[in-house]
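Q: Hi! Could you walk me through this model?

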Amino acid sequence: VLALGKNFRAHAAEFGEEVPEEPLFFNKLPETMVPHGATVTVPTWYEGRFDHEAELAVVIGKEGKDIAPERAMEHVCGYTVANDLTARSLQGADRQKGFPWLRGKNMDGTLPLGPCFVPRQWLDLSDLRVTATVNGETRQDATTADLVVDVPHALAYLSRHLTLRPGDIVLMGTPEGVGPLHDGDEVVCAVTGIGELRTRIARPAA
Ligand code: MN
């Protein structure tokens, strides 16, 4: 799973940062993936901020390297919804030191995905709403029209560096409005035309 960082201008501004000159990618390991309806339990030793990030997830269907933007969509088989759950305090500490974001993005269970998969031919990506609600209250609400790097250019850029393979998933970045989650919170991430992804957060006391 490859994920774009700071790909909505207003979200980058939340952290007092500019959109990067080149696309910024990090990765999420297989142990992060959990299905719709999962309860994600935050380790008791971690007391920092734990944030939701609603995102459009692009599923690769065809292998490719050095893909031209105008051919990139041929490598997409379809789309689903993701919640790029983030241990923000760890990410912030590592960001300050210039370290990679590995630990802040890769606690077990921090990538709820699904539940619906929509084939590429069925969805126009130009203006889809990406939203997150927490306990029914809207926290994130933006549109794919505001993406800094669109899907074809993201795939073209990535494939200059590495081979994309069927089953790879590319997360397109989250809108402004990320915020902390507490014990018992229910997060619903949604993308127009794809569906709703529901996750419960457990933060048991040490
Ligand atoms: Mn993200």
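Q: Which residue forms a salt bridge with Asp94, and how far apart are the closest N and O atoms?
A: Asp94 pairs with Arg103, and the closest N and O atoms are 2.7 Å apart. A salt bridge here is a side-chain nitrogen of Lys or Arg within 4 Å of a carboxyl oxygen of Asp or Glu. This is a predicted model: local features need pLDDT of at least 70, side-chain atom pairs count only at pLDDT 80 or more, and totals for chains, interfaces and linings use all residues. Residues are numbered from 1 along each chain as its sequence is written, and side-chain values use heavy atoms, with hydrogens and water left out.

Q: Is Asp94 buried or exposed?
A: Asp94 is buried, at 5% relative accessibility, while Arg103 is partly exposed at 40%. Buried means under 20% relative accessible area, exposed over 50% and partly exposed in between, with a 1.4 Å probe and protein chains only.

Q: How many salt bridges does the structure hold?
A: There are 16. Salt bridges with shared partners link Lys28, Arg49, Asp51, Glu53, Asp84, Arg88 and Lys105 into one network.

Q: Nice. What is the N to O distance for Asp51 and Arg49?
A: For Asp51 and Arg49 the closest N and O atoms are 2.6 Å apart. Asp51 is buried at 0% relative accessibility, and Arg49 is partly exposed at 33%.

Q: New topic: how many cavities of 30 Å³ or more are there?
A: The count is one, and the largest cavity has a volume of about 100 Å³. On a 1 Å grid over the protein atoms alone, a cavity is a set of points where a 1.4 Å probe fits but cannot get out, and lining residues have an atom within 4 Å of a point. Grid points are joined across faces, edges and corners, and the volume is the space filled by probe spheres set on the points.

Q: Which residues are closest to the centre of the largest cavity?
A: Of its 16 lining residues, Gly5, Lys6, His11, Glu53 and Trp101 are the closest to the centre. Helix H2 (88-97) and strand E1 (2-5) each supply at least two lining residues, and H2 gives the most, with three. Helices (H or I, at least four residues) and strands (E, at least two) are DSSP runs, numbered from the N terminus.

Q: And where does Trp45 lie?
A: Trp45 is in the loop between strand E4 (39-41) and strand E5 (50-51). Trp45 is exposed, with a relative accessible area of 60%. Leaving out residues up to four places away in sequence, Trp45 touches Leu90 and Met107, where contact means heavy atoms within 4.5 Å.

Notes. 1 Å grid on protein atoms, 1.4 Å probe; cavity = no way out; pocket = protein on both sides within 12 Å on 5 of 7 lines; lining within 4 Å.
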